[in-house]
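Visitor: Could you take me through one part of this structure closely, the annotated binding-site positions and the space around them, with the cut-off behind each term as it comes up?

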Amino acid sequence: MTHFSRTLFFVLSLLSSSTNAQLSTNFYDKTCPNLQTIVRNSMEQAINGEPRLGASILRLFFHDCFVNGCDASVLLDDTGTFVGEKNAAPNRNSVRGYEVIDGIKTKVEASCNGIVSCADILALAARDGVVLLGGPSWKVALGRRDATTASQSAANAHLPSPFSDLSTLTSAFAAKGLSARDLTVLSGGHSIGQAQCQFFRARIYNGTNIDTSFAASRRSICPSSGGDTDLSPLDSLTPIHFDNNYFSELVAGRGLLISDQVLFDGGSQDPLVRIYSDNNAVFFRDFGEAMIKMGDITPLTGTAGEIRTNCRVVN
């Protein structure tokens, strides 16, 4: 191999192993040097007030990235002439944390007007929420721009259901360039946060692969009829601490949602769930890597999209 060939091979290898070539961890270093501090301090204030918001912002980022990429389309409000994604079935009366992003955006605009996208603010806030609740950190590549469109139909079609089986979940993630391993480790985001009774009622009353004492304890929270919006933590051991207990609960048959327990039910992901339940460090490492991959789903870069002034409306 010639020197030129070796150099070319090295450069191509670097490109193939990096995130989207137009995203960069130092994208705002000169144009908005205080960005990361602003986001971190704002998330700390939010989580001190309500720890659940760490999970809410993480889910908000997931619901953004899975619908036409990480472009802040999920943040757009419906208007008389515009239909956004907030009222899609998986989001309506369920996704939350919009006001936190609004507050961060206001502070960022005051520091560096018209520079930072809502999509990047959401990506940073999701990472910081996890860190503040005891979870891993990862380098967030930046440079995303904000969508001027949204798709309620894509949100209804692409966001996985809490009633999904493993093959459906695997296909949904594969469609976004994410592996079955990514699916399993990102499901570990359910280490924090809560679910509504209507989404786990079928499992605790009709499930066969569920720990009986766990089912009984959840029935005390979630009646067989009514109480649809009553909440239960997704991880009942350490509900506001990000750790690998979610996976230990799956091994014990104590996954709250059908889409949780399918990861440990005699299928392909059982060995990986066991690894994560035994080794928090491996879970943390893989979670950070998978979040980087998810944050790289078809971002708008360069001159595509815009930098929204208000995250709720197109400029």
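Guide: H190 is listed by UniProt under "binding site", in an unreviewed entry; positions from that record are given in the numbering used here, with feature names shortened, and its annotations may be inferred rather than shown by experiment. The model is predicted, so local features need pLDDT of at least 70 and side-chain atom pairs count only at pLDDT 80 or more, while totals for chains, interfaces and linings use all residues. Residues are numbered from 1 along each chain as its sequence is written, and side-chain values use heavy atoms, with hydrogens and water left out.

H190 is found in the loop between α8 and β1, where helices (H or I, at least four residues) and strands (E, at least two) are DSSP runs numbered from the N terminus. Its relative accessible area of 25% makes H190 partly exposed, a class that lies between buried, under 20%, and exposed, over 50%, as computed with a 1.4 Å probe on protein chains only. Not counting residues up to four places away in sequence, H190 touches L234, D235, Y246, L257 and D260, contact here meaning heavy atoms within 4.5 Å.

With neighbours within four places in sequence left aside, T238 is in contact with S191, D243 and N245, while D243 is in contact with S191, D235, T238, N280, F283 and F284. The side chains of D243 and T238 are also joined by a polar contact of 2.8 Å, that is, a pair of N or O atoms within 3.5 Å, of which, within protein, one must be able to donate a hydrogen and the other to accept it, residues adjacent in sequence counting only if both atoms are side-chain atoms.

Rolling a probe the size of a water molecule over the atoms shows where empty space is left. On a 1 Å grid over the protein atoms alone, a pocket is an open set of points with protein on both sides within 12 Å along at least five of seven lines, a cavity is a set where a 1.4 Å probe fits but cannot get out, and lining residues have an atom within 4 Å of a point. Grid points are joined across faces, edges and corners, and a volume is the space filled by probe spheres set on the points. The largest pocket has a volume of about 970 Å³, and R59, F62, H63, H190 and L257 are the closest to its centre among the 41 residues that line it. Two or more lining residues come from each of α3 (53-65), α7 (166-174), α8 (180-187), β1 (194-196), α12 (258-261) and α14 (280-294), with α3 giving the most, six residues. The lining divides into 23 nonpolar, 14 polar and four charged residues, where Ala, Val, Leu, Ile, Met, Phe, Trp, Tyr, Cys and Pro count as nonpolar, Asp, Glu, Lys and Arg as charged, and the others, Gly among them, as polar.

A further set of "binding site" positions in the unreviewed UniProt entry comprises D64, V67, G69, D71, S73 and E85. Although these are spread over 22 residues of sequence, they cluster in space, with a largest C-alpha distance of 12.9 Å. V67 is placed in the loop between α3 and α4 (98-111), and S73 is found in the loop between α3 and α4 too. V67 is buried, with a relative accessible area of 0%, and S73 is buried, with one of 1%. Leaving aside neighbours within four places in sequence, S73 is in contact with D64, V67, E85, A147, T149, A150 and R308, and V67 touches S73, E85, S151, A154, A155 and L159. The side chain of S73 also makes a polar contact of 2.9 Å with the side chain of D71.
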